[in-house]
Amino acid sequence: MKTAESMLRFILGPTRSSILSLALAVERTAYLCFVENRSMDDIVVTKDIYAFVAAQMEKTPGNASRAIERLANLCWDALCADDELIRRFIGKSLLYKPTPAEMLFYLAYVLRFDKPYYLVLAPEDGAWTLMI
C-alpha cells in the first residue's frame, strides 16, 4: 500500500465519512513506531496520536478521538465481513474485537511493512507453537 488513505479506501470502499482523521492517526502511529522507534507500550494514544490529529485538523481532541474511534470500528466491521481481508491486514483471526488503538497499530504495521501485523511479528523459523 502506498498511503494510509489508499489502504483505508481499499478496506472501507466508498464512504460518506471523511477518512482523513484515521489516515493521519495511522501515519502518526507508524511514525512513532518506526521513525522514533517507540514501543507500542510507550505510546499514549490519547496524547501522542489523538492530540496530534486534532491539531492537524484544527479540531478538539475529543472530536478527533471520536472520529478516529468511529472509523477504526468501521474498519473492523469491514474486515469482519471477509476472512481474506482479516488475514491480509491482521494476519490471523481474532477472538475479540480489537480496540481502536489496536487497530491503529495493526494498520500502521501494514502501512510500513506491507505485511499483516502478526506475520511481521512471527519468527522466521515458525518456532511459536500453540500450547494447550
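Below, each label is set against its cut-off.

Analyst: This is a predicted model: local features need pLDDT of at least 70, side-chain atom pairs pLDDT 80 or more, while totals for chains, interfaces and linings use all residues. Residues are numbered from 1 along each chain as its sequence is written, and side-chain values use heavy atoms, without hydrogens and water.

User: Why is C75 called buried?

Analyst: Buried means under 20% relative accessible area, exposed over 50%, partly exposed in between (1.4 Å probe, protein chains only). C75 has 0% relative accessibility, so it counts as buried.

User: What makes C80 partly exposed?

Analyst: Its relative accessibility is 39%, so C80 falls in the partly exposed class. Across the chain, 41% of the 132 residues count as buried.

User: Which elements does the chain have?

Analyst: The chain has 7 helices and 0 strands. Both are DSSP runs, numbered from the N terminus: helices are H or I with at least four residues, strands E with at least two.

User: Why is the chain called as compact as a globular protein of its length?

Analyst: The globule rule is 2.2 Å times the number of residues to the power 0.38, and the radius of gyration is taken over C-alpha atoms. For 132 residues the rule gives 14 Å; the chain has 15 Å, close to that, so the label applies.
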